[in-house]
Amino acid sequence: MARHDEFDLLVGSRPGRRRKRLRRTQRRRRLVIWAALVGAGALALFLAAGFGAGAALSMTCSLSSLRPVDIGSNSFIYAANGSLLGTIPAERNREPVPLSHMSRWLPRATVAVEDRRFYQHGGIDYVGILRALLADVKAGKIVEGGSTIDQQLVRNLYIGSQRTFQRKVKEACLAIKLSDRWSKNRILATYLNTVYYGNRAYGVEAAAETYFSKHARNLSLPQAALIAGLPQAPSVYDPLHNPAGALSRRAAVLEAMLVNGDISSREYRWAMRQPLGLVPGSVYTTIRQPYFFSYVIDQLESVYGANTVREGGLRVYTTIEPKLQAEANHAIRATLYERDDPASAIVSVQPGTGAIRAMTAVVPGHPSNQYNLAAQSTREAGSTFKPFVLAAAIEQGMDPDSTYYTSAPFTCTSGPWCAADYAAGKPWTVTTYEHTYAGTISVTEATLLSDNTVYAQLTLDVGPRNVWNMARKLGVDLTQKPTASIGLGFESVSPLEMAAAYATFASGGIYATPTAIRTVILPGGKVDKLWTKPQARRVLPADVAWKVNQVLALNALEGTGAGSGDGVHPDAGKTGTTEDNADAWYVGYTRDLSTAVWMGYIRGEIPMLDVHGETVAGATFSVPIWHLFMTAAEKGVPARPFITPAKPPVYTYFVHHSYGYLLLPPAPPAPKLARPPKPVKLRPPTPLQQAILAAH
């Protein structure tokens, strides 16, 4: 009766609910005891059958016959100087490291709390299983697991976590074979690199970076104990969201280490007093140079596929120079500093190799812009396309210094490129940007003046398809068919394409496919030879490139590109402005770098008529940006002249054709005299003169 009275007192005003709760607790305890007895019986059978030696299990339990679960690992991308640009996170955030790169406390803490007899058993710990069963019976619930580190590794690597009897038997069998085949250090290292520590972190290196922003080798005793305690229930002991639970679990790990003899009482007391000291890491989320980083991912995925890149554990060493990246950003920001200024992009490529040394863009007022204006965005090229016409003409034998055209408004009326439009009442008429004309001038002079009327005529003489083919040879991806106006730059191009195309002139006619990658180390440590050599080929005769360099160098000195150079390094280049002032360019080069600068609004087709009080053209802002960047980039670099060919170019007679008419200026009026001339009075002819006139 006394026990009944005490029970009534405990249940108070809700006897039914308390009674049900008590019955559930008693049932759960009976189930745990029953499970313990069954487990103990099964263990006894295994022991009786000699399961511990592994001989009794002749079932198909072979490590070589099983395919490991693909757990993947992060890929890392580095700049040319070895600094980390960012991480391509795998679905499971993981970065394997050897035991020698882990804090000495990590293996000790893990063994102490997960499998204290790890170095004594052969894959299955029968003593540990019995101890766990007794602890569970005593507590009336599951409080301790009996799986060894070997079993957990097999579960993680090979057979997954499905809860079936067949899986448990196979797990035990494989754990024994794994213990026979692998050393204890290998098993422990593999486990520490694959187990889940919460917050997407797989392996101790990812966990150390996630929770403490440091490498696993630098973890202190309390930090290592915290991480070692997470695998049992990562979400329950998550230190970022449940600090109290994490501290409690850390204390349990430290106590296990003390009992196991891994730490002294003094070390235990010191570690227990330490705060969590979390420093959440950003190494797996911070991306430096985002435009370039996204371009690298595109290149990798085009070769290896998206899945390999995301799960491949690649180490990617790139061509980018962080110093040049900083100088490119500075050059843009120092020139376009107002919040409502247009955007600008810079790409700089090494002639001959195609190595991308700088790739960046600045969008004032929109720092979070994700669109790669340097590589993905294409805009009309304007007059930066004219060097392709020049190169095609020189290749056909034209001497730009001695070939003359008339600078005047030009209307194309005939020939295969214009006749149909003219007959349809849509004549193609060309004027210059400033509506001023120079009369008869050479092609070289027309280049310095960026004269559209001369280059329209030259394009028709060279052949628009030949100009189109030249641009394609120089790496410009033209998707539209050639038209009469191709030479004036109505085609859309990207800054990356233009930098690589002009680099061909700087390298003496060698085009190199632009690349962001110089080395890829595969997961097994093998270097992929695909990236070791530049993809370069000759696309222009050396003498043609040399003559283009001469003309564009003169343009950089006296023409529309005046003011671009630093006065030390020979440079060449060409400006470009679209018809409605929506895009402005300067593409120029030295022997060391070919750099394209683009400027415009990201929404496109917005005229830049009032930027800092000026109407924007290629020379107004793009040239100063190019100058600032290249002056800094070339500082301390020895000056080198452009490549001189073994033989000078051979010019032939270049045929002019007539495809329309030029609106020539009217002839000047005759001068007016001060007084009109007096009329001449003629005498009548004599009879003799009359006779002579009649005879004729």
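Predicted model: local features only at pLDDT ≥ 70, side-chain atom pairs only at ≥ 80, totals over all residues.
1. Arginine 472 and its partner. The side chain of arginine 472 meets that of aspartate 477 in a salt bridge, with 3.3 Å from N to O.

2. Arginine 117 forms a salt bridge with aspartate 125, and the closest N and O atoms of the two are 2.3 Å apart. The aspartate of this pair, aspartate 125, counts as buried at 3% relative accessibility, whereas arginine 117 is partly exposed, with a relative accessible area of 26%.

3. Lysine 547 and aspartate 401 meet through their side chains in a salt bridge of 2.6 Å, N to O. Because lysine 547 lies in helix α21 and aspartate 401 in the loop between α15 (386-395) and β9 (404-407), the pair ties together parts that are 146 residues apart in sequence. Here the lysine is the buried member, since lysine 547 has 5% relative accessibility, and aspartate 401 is partly exposed, with a relative accessible area of 38%.

4. The sheet of 5 strands. An open sheet with antiparallel pairing places its 5 strands in the order β7-β6-β19-β18-β17. The edges are held by β7 (356-362) and β17 (572-577), each of which has a single partner strand, so one side of each is left without a neighbour in the sheet. From one strand to the next, the twist averages 5°. Strand β6 (residues 343-349) runs antiparallel to β7 and is joined to it by 6 bridges; valine 349 has isoleucine 356, in β7, as its bridge partner.

5. Helices against that sheet. Helix α20 (residues 495-506) packs on the sheet and touches β6, β7, β17, β18 (583-589) and β19 (594-600), with its direction making about 30° with that of β18. Helix α21 (residues 542-558) lies across β17 and β18, and runs at about 65° to β17. Helix α21 is also the element that holds lysine 547, the residue paired with aspartate 401 in point 3.

6. The sheet of 3 strands. Another open sheet, also with antiparallel pairing, has 3 strands in the order β11-β10-β20. Its edge strands are β11 (428-430) and β20 (660-662), each pairing on one side only, and the twist averages 15° from one strand to the next. Strand β10 (residues 410-412) pairs with β11 in the antiparallel sense over 3 bridges, and threonine 411 stands opposite threonine 429 in β11.

7. The disulfide. A search of the whole structure finds 1 disulfide, which joins cysteine 412 to cysteine 418 with an S to S distance of 1.8 Å. The link is right-handed, with 95° about the S-S bond. Both ends are covered: cysteine 412 is buried, with a relative accessible area of 1%, and cysteine 418 counts as buried at 3% relative accessibility.

8. Tryptophan 428 and the nonpolar cores. Leaving aside neighbours within four places in sequence, tryptophan 428 is in contact with Phe410, Thr411, Cys412, Cys418, Ala456, Leu460, Ala484, Ser485 and Leu488, a list that takes in both cysteines of the disulfide. In the largest nonpolar core, which has 91 residues, the residues with the most contacts inside it are Phe388, Trp428, Leu458 and Phe505. A second, separate core has 48 residues and includes Ala109, Val111, Leu174 and Phe212. In general, nonpolar side chains tend to be buried together in soluble globular proteins.

9. A mostly covered helix. Helix α7 (residues 184-194) has 9 of its 11 residues buried. Among the buried residues of α7 are Lys184, Thr190, Asn193 and Thr194, as well as Ile187, Leu188 and Tyr191.

Key
Residues numbered from 1 in each chain as written. Heavy atoms only, no water. Disulfide = S-S within 2.5 Å. Buried < 20%, exposed > 50% of the residue type's maximum accessible area, 1.4 Å probe, protein only. Pairing = 2+ DSSP bridges. Helix = DSSP H or I, 4+ residues; strand = E, 2+ residues; numbered from the N terminus. Axes fitted to C-alpha atoms, helices over the stretch in contact; angles between N-to-C directions. Contact = heavy atoms within 4.5 Å. Core = buried A, V, L, I, M, F, W, Y, C linked by side-chain atoms within 4.5 Å. Salt bridge = Lys/Arg side-chain N within 4 Å of Asp/Glu carboxyl O.
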